[in-house]
Amino acid sequence: IAAAETITEIGNPKDAICEAVEKLQIELLILGSYSKGALKRTILGSVSSYCTHNAKCPVLVVKKPA
(Lines give C-alpha, C1' and ligand atoms only; values in the text may rest on other atoms or scores of the structure.)
Protein backbone atom coordinates (compact mmCIF):
# COMPACT_ATOMS: atom_id res chain seq x y z
CA ILE A 1 0.00 0.00 0.00
CA ALA A 2 1.45 3.34 -1.05
CA ALA A 3 1.19 6.41 1.15
CA ALA A 4 2.07 10.06 0.69
CA GLU A 5 3.47 12.15 3.50
CA THR A 6 4.51 15.78 3.84
CA ILE A 7 7.59 16.49 5.96
CA THR A 8 9.39 19.66 7.00
CA GLU A 9 13.18 19.96 7.24
CA ILE A 10 15.48 22.85 8.11
CA GLY A 11 18.45 24.00 6.02
CA ASN A 12 19.42 24.55 2.43
CA PRO A 13 16.47 23.07 0.49
CA LYS A 14 18.66 21.21 -2.00
CA ASP A 15 20.69 19.49 0.69
CA ALA A 16 17.83 19.01 3.16
CA ILE A 17 15.62 17.29 0.59
CA CYS A 18 18.33 14.93 -0.65
CA GLU A 19 19.37 14.09 2.94
CA ALA A 20 15.74 13.41 3.91
CA VAL A 21 15.38 11.05 0.94
CA GLU A 22 18.21 8.92 2.30
CA LYS A 23 17.32 9.23 6.01
CA LEU A 24 13.65 8.36 5.50
CA GLN A 25 14.24 5.86 2.67
CA ILE A 26 11.84 7.70 0.39
CA GLU A 27 10.86 5.70 -2.70
CA LEU A 28 9.53 8.56 -4.85
CA LEU A 29 10.18 12.29 -4.42
CA ILE A 30 7.53 14.61 -5.83
CA LEU A 31 8.49 18.29 -6.24
CA GLY A 32 6.61 21.29 -7.52
CA SER A 33 8.33 23.60 -9.96
CA TYR A 34 7.74 27.11 -11.20
CA SER A 35 9.74 29.31 -13.54
CA LYS A 36 12.06 31.77 -11.77
CA GLY A 37 13.46 33.20 -14.96
CA ALA A 38 16.83 32.46 -16.52
CA LEU A 39 18.88 34.92 -14.44
CA LYS A 40 17.56 33.82 -11.03
CA ARG A 41 17.85 30.17 -12.02
CA THR A 42 21.48 30.71 -13.06
CA ILE A 43 22.38 32.54 -9.84
CA LEU A 44 20.32 30.55 -7.32
CA GLY A 45 20.11 27.24 -9.11
CA SER A 46 17.05 25.05 -9.35
CA VAL A 47 16.09 22.87 -6.39
CA SER A 48 14.16 20.49 -8.65
CA SER A 49 17.09 20.19 -11.06
CA TYR A 50 19.54 19.53 -8.22
CA CYS A 51 17.30 16.91 -6.65
CA THR A 52 16.67 15.23 -10.00
CA HIS A 53 20.41 14.69 -10.38
CA ASN A 54 21.34 13.98 -6.74
CA ALA A 55 18.43 12.31 -4.91
CA LYS A 56 18.83 8.57 -4.35
CA CYS A 57 15.32 7.81 -5.63
CA PRO A 58 13.17 8.63 -8.66
CA VAL A 59 12.01 12.27 -8.79
CA LEU A 60 8.74 13.50 -10.28
CA VAL A 61 8.70 17.24 -11.03
CA VAL A 62 5.21 18.73 -11.39
CA LYS A 63 5.01 22.05 -13.20
CA LYS A 64 2.25 24.61 -12.74
CA PRO A 65 -0.09 24.60 -15.76
CA ALA A 66 0.36 27.54 -18.12
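This is a predicted model: local features need pLDDT of at least 70, side-chain atom pairs count only at pLDDT 80 or more; totals for chains, interfaces and linings use all residues.
Once neighbours within four places in sequence are left aside, the contacts of S48 are with L31, S33 and V61.

Helix α3, which spans residues 47–54, also packs against α1. Two packed helices are described by the angle between their axes and the distance between the axes. For α1 and α3 the angle is about 35 degrees and the axes lie 9 Å apart, and α1 passes α3 in a right-handed crossing. On the α1 side, the contact is made by P13, K14, D15, I17 and C18, while α3 contributes V47, Y50, C51 and N54. By residue class, this contact of α1 with α3 comprises six nonpolar residues, one polar and two charged.

Attention can now turn to empty space. Rolling a probe the size of a water molecule over the atoms shows where such space is left. The largest pocket of the model has a volume of about 690 Å³. Its lining consists of 20 residues, and E5, I7, I26, L28 and L29 are those that lie nearest the centre of the pocket. Two elements, α1 (13–23) and β1 (29–33), each give two or more residues to this lining. Helix α1 gives the most, with four residues.

Note on methods
Residues are numbered from 1 along each chain as its sequence is written. Side-chain values use heavy atoms; hydrogens and water are left out. On a 1 Å grid over the protein atoms alone, a cavity is a set of points where a 1.4 Å probe fits but cannot get out, and a pocket is an open set with protein on both sides within 12 Å along at least five of seven lines; lining residues have an atom within 4 Å of a point. Grid points are joined across faces, edges and corners, and a volume is the space filled by probe spheres set on the points. Axes are lines fitted to C-alpha atoms, for helices over the stretch in contact, and angles run from 0 to 180 degrees between N-to-C directions. A crossing is left-handed if the near helix is turned anticlockwise from the far one by less than a right angle, and right-handed if clockwise. Contact means heavy atoms within 4.5 Å. Ala, Val, Leu, Ile, Met, Phe, Trp, Tyr, Cys and Pro count as nonpolar, Asp, Glu, Lys and Arg as charged, and the others, Gly among them, as polar.
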